[in-house]
Amino acid sequence: MKLTSTVLGAPEPRALAEFYSKLLGWPIKTDEPEWVTLRPDDGSAGLSFQLETEHVPPVWPPAGGAQQMQLHLDIEVDDLDAATSAATAAGAVVADFQPQEDVRVCFDPAGHPFCLWTRE
């Protein structure tokens with residue numbers, strides 16, 4: 001078995017794929033109205049984006065009765081401040097609550113959380 005992709009539901013799959021393409025530098029491979037994929041040049045597992053017309057963004061930190069986060073992406077970076085700036089320039093929002101100094105929790109344009117982190 002081989003994991004080929006993590007799939008994120010989104011109200012606008014193409015827009016979310018463009019965000020992650022900017023953030024990760026991965027090219028768009030499949031581009032259909034309801035399905036868009038990104039794959040790194042080395043052929044390893046990528047990201048896919050599926051149309052979810054009833055998408056409800058999760059909340060962070062968790063709150064009773066609200067849509068809970070079921071997954072998030074961890075993205076290792078060399079420079080946390082520079083990566084956070086690049087993410088926000090691409091359309092991310094930095095979460096108010098930050099659990100650790102070497103991690104920045106952010107939300108993509110569809111509201112999915114992701115973490116930028118460094119080994120510093």
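Me: What makes the four strands an open sheet, and in which order do they stand?

Reply: The order is 5-8-7-6, with mixed pairing. Strand 5 (73-76) and strand 6 (93-94) stand at the edges with a single partner strand each, so one side of each has no neighbour in the sheet. Strands here are DSSP runs of E, at least two residues, and helices are runs of H or I, at least four, numbered from the N terminus. This is a predicted model: local features need pLDDT of at least 70, side-chain atom pairs count only at pLDDT 80 or more, and totals for chains, interfaces and linings use all residues. Residues are numbered from 1 along each chain as its sequence is written, and side-chain values use heavy atoms, without hydrogens and water.

Me: How do you know that strand 7 and strand 8 pair?

Reply: Pairing takes at least two bridges found by DSSP between two strands. Strand 7 (residues 103-107) and strand 8 (residues 113-117) have five, in the antiparallel sense. They therefore count as paired. Phenylalanine 107 stands opposite proline 113 in strand 8.

Me: Why is the contact between glutamate 18 and arginine 14 called a salt bridge?

Reply: The term needs a side-chain nitrogen of Lys or Arg within 4 Å of a carboxyl oxygen of Asp or Glu. Here the closest N and O atoms are 2.5 Å apart. So the pair qualifies. Both residues lie in helix 1 (residues 13-24), four residues apart, about one turn of the helix.

Me: How many salt bridges does a search of the whole structure find?

Reply: The search finds three.
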